[in-house]
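Colleague: Could you take a close look at the ligand site in this model and describe what surrounds the ligand?

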Amino acid sequence: MPPVPLTGSVFQTEPAELYRRMRREHGAVTPVLLDGDVPAWLVLGYRELHQVTGDPVLFSRDSGRWNQWDRIPDDWPLLPMIGRRQPSILYTVGERHRERAAMISNALESADPAELRGHAERFADQLIDALCSKGRADLVAEYAMLLPVRVLARLFGFPDEQGPGLVAALNDMIDGRGRALAGQTHLATSMARLVARRRAAPADDVVSRMLADRGGFTDEEIVQDLMVMMAAGHQPTADWIGNSLRLMLTDDRFAASLFGGRNSVADAMNEVLWEDTPTQNVAGRWASRDTQLGGRRIRAGDLLLLGLQGANSDPQVRTDGSELTGGNGAHFSFGHGEHRCPFPAQEVAEVIARTAVEVVLDRLPDIDLAVPHRSLTRRPSPWLRGLTGLPVHFTPVPVL
Ligand code: HEM
């Protein structure tokens, strides 16, 4: 069986069938081809993914180990994700990684949850104010993609007036087209200025707490990690909001909560993490020596991609085809092991996403999809799964 190209229109609709076919034809560890026919392994088995993420020595986060570097051109489109020459937390390993993850966790953990929720509510209300009298909106472009970055910027310590500029810069950077580099430069310069200001005059915010850490990280390292936190935090949280609203607007099981009850918001959000998770696949881990995994022979330096969505739907853990409306949080959507999404970051994402969904339901009570639900499409990416748009209509309501 030839390796499977990890591209194509299937990612705009339903990749679940693709993961099923890969598992049927290739097993839990599937050979895939990335852009330019670069080979990698996609780890789709729940047990195998546990093994990979649970052993950071054998399956390292250090991309320098890759045995394909000599064939990767400087303009390879996936280069930013693989991380050559990026000295951020993502590619740090061992004891220094543990210290770095602790610095980030402690800084985020000290954020007051009530205050965080207050910021999320205030920015969500401002965004709804801007669209509520129109009777129609695209809840991805005009809402979900504008919210998490505003809340994170506030949490980090940016003054509110810099918020809109940061939203535009980050979304340009994510978009990956003409303005991507300018967006990245604006973001990095703004971060560096904030770090310098807080170095001179600490305040009660995430940046000041990272600077106060005793691990001896340089200002440049802290700027790198703030960039990761902003980029790793904004888009998946925006997609979690969009995918949850889509589920609630298209699935009868959640209709009741649109008309008053809110109990099932948490259920819908949890079901999204299992079935339609924002981070589908992650690059990756690199084998530090020859080994076996899922019956495959893995060579030292091979790249293993974490198939989070594939593992979430592994029939070995989903034998009863169960409805995942409940508290079952054993999905892989935030990763696992030492390099997983830090727990306080998961909580920040949860508060922002949940507040975002609740504010929509409170403010636009008769909201409905403005297009047939089958016409909704996803971005054509095998990595982050989110809607290209979510057009809705509702009875116009006055600004608060
Ligand atoms: C729905 C929202 C989110 C999802 C689905 C998500 C998912 C993930 C996943 C799957 C990883 C693991 C990558 C790997 O194992 O290689 C990760 C790592 C990370 N995430 Fe998140 N994340 C979310 C929100 C956030 C937020 C809000 C922040 C920060 C404010 C954040 C900060 C980080 C950081 C710093 C790492 C790197 C951890 C390390 O390498 O030790 N994430 N995230």
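Modeller: Helices and strands are named here as DSSP runs numbered from the N terminus, a helix having at least four residues of H or I and a strand at least two of E. The model is a predicted one, and in it 26 residues surround the ligand, with Arg61, His97, Gly233, Arg285 and Cys341 as the closest. The largest share of this shell, 6 residues, is given by α10, and the elements that give two or more residues are α10 (219-250), β6 and α14 (343-363). By residue class, the shell divides into 15 nonpolar, 7 polar and 4 charged residues.

His339 takes part through its backbone, of which an N or O atom lies 3.4 Å from an oxygen atom of the ligand.

Strand β6, one of the elements that give two or more residues to the shell, also belongs to an open sheet of 6 strands with mixed pairing, ordered β1-β2-β3-β9-β6-β4, in which β1 (4-5) and β4 (59-60) are the edge strands, each pairing on one side only. Helix α1 (residues 16-26) lies across β1, β2, β3 and β6 (281-287), running at about 120° to β2, whereas helix α2 (residues 46-54) packs on the sheet with contacts to β2, β3, β4, β6 and β9 (303-307), its direction making about 125° with that of β9.

Conventions
Residues are numbered from 1 along each chain as its sequence is written. This is a predicted model: local features need pLDDT of at least 70, side-chain atom pairs count only at pLDDT 80 or more; totals for chains, interfaces and linings use all residues. Side-chain values use heavy atoms; hydrogens and water are left out. Two strands pair if DSSP finds at least two bridges between them. Contact means heavy atoms within 4.5 Å. Axes are lines fitted to C-alpha atoms, for helices over the stretch in contact, and angles run from 0 to 180 degrees between N-to-C directions. A residue is near a molecule or strand if one of its heavy atoms lies within 4 Å of it. A polar contact is a pair of N or O atoms within 3.5 Å; within protein, one must be able to donate a hydrogen and the other to accept it, and residues adjacent in sequence count only if both atoms are side-chain atoms. Ala, Val, Leu, Ile, Met, Phe, Trp, Tyr, Cys and Pro count as nonpolar, Asp, Glu, Lys and Arg as charged, and the others, Gly among them, as polar.
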